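Subject: The model we talked about

Hi there,

Have a look at it first, then read on whenever you have a moment.

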Amino acid sequence: MIKRTVSELKPYEAPGHFGCTAMRYHGKDETGAEKFWIGKSVFLPGGGADWAYEDNPLEKVYYVLKGEMTITDKEGKKYVVKAGESISFPPNEGRGLKNETNESAEMLVIINYPDAK
């Protein structure tokens, strides 16, 4: 059993993200988790991530802890995900995301590893 607290987390640069601090709770390097990793992202107002993951075979789940995030699909449809809500993505489904509010937003990110079965 491995317990982690936010004070133990180390920020990292998430590719394609802006106005964001990303930290990983559990993963191969952090705790030896082999099937998935879970992290926390904090987005400033206007922060987000560029379009990505259309060519990525991993499943993803975003759970908003605080504030709200706007997720955009490939057709341009927007989904507003508020605190206490989640959105999931099957493999190879792209997305863009942005905090379109004037308050910070916090989100848990859960992604499987490519070799997880």
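A word on terms before the notes: two strands pair if DSSP finds at least two bridges between them. Helices (H or I, at least four residues) and strands (E, at least two) are DSSP runs, numbered from the N terminus. Please keep in mind that this is a predicted model, in which local features need pLDDT of at least 70 and side-chain atom pairs count only at pLDDT 80 or more, while totals for chains, interfaces and linings use all residues. Residues are numbered from 1 along each chain as its sequence is written, and side-chain values use heavy atoms, with hydrogens and water left out.

The overall picture

The chain has nine strands and one helix, in the order β-β-α-β-β-β-β-β-β-β from the N terminus. Its radius of gyration, taken over C-alpha atoms, is 14 Å, close to the 13 Å that the globule rule (2.2 Å times the number of residues to the power 0.38) gives for 117 residues, so the chain is as compact as a globular protein of that length. The C-alpha trace spans about 40 × 30 × 25 Å along its principal axes. Of the 117 residues, 36% are buried, where buried means under 20% relative accessible area, exposed over 50%, and partly exposed in between (1.4 Å probe, protein chains only). Contact means heavy atoms within 4.5 Å; among contacts between residues at least 6 apart in sequence, 64% join residues at least 24 apart.

How the strands pair

Strand 4 (residues 60-66) and strand 7 run antiparallel and are joined by four bridges, with V61 opposite S88 of strand 7. In a regular strand the side chains alternate between the two faces of the sheet.

Strand 5 has two partners to look at. With strand 6 (residues 78-82) strand 5 pairs in the antiparallel sense over five bridges, and M69 has V81 as its bridge partner there. The hairpin of these two strands has five residues between them, and G76 takes a positive phi near 90° in this hairpin. Strand 5 also runs antiparallel to strand 8, with three bridges between them; in strand 8, L97 is the bridge partner of I71.

The cores

Which residues touch the most other members of the largest nonpolar core? They are Y62, M69, I71, I87, L97, M107 and V109, out of 17 residues in that core. A nonpolar core here is a set of buried Ala, Val, Leu, Ile, Met, Phe, Trp, Tyr and Cys residues joined through side-chain atoms within 4.5 Å. At least two residues come from each of strand 3 (36-52), strand 4, strand 5, strand 7 and strand 9, and strand 9 gives the most, with four. A second, separate core has five residues, among them L9, M23, Y25 and L108.

T70 lies in strand 5 (residues 68-72) and counts as buried, at 4% relative accessibility. Its side chain makes a polar contact with the side chain of E100 at 3.4 Å. By polar contact I mean a pair of N or O atoms within 3.5 Å; within protein, one must be able to donate a hydrogen and the other to accept it, and residues adjacent in sequence count only if both atoms are side-chain atoms.

I111 sits in strand 9 (residues 105-112) and is also buried, with 4% relative accessibility. The C-alpha atoms of I111 and K60 are separated by 4.7 Å, although the two residues are 51 apart along the chain.

Finally, two loop asparagines. N56, in the loop between strand 3 and strand 4, is buried at 17% relative accessibility. The side chain of N56 reaches the backbone nitrogen of L58 at 2.9 Å. Leaving aside neighbours within four places in sequence, N56 is in contact with P91 and N92. N92 belongs to the loop between strand 7 and strand 8 (95-98), is partly exposed at 42% relative accessibility, and has a positive phi near 65° without being a glycine.

Best wishes
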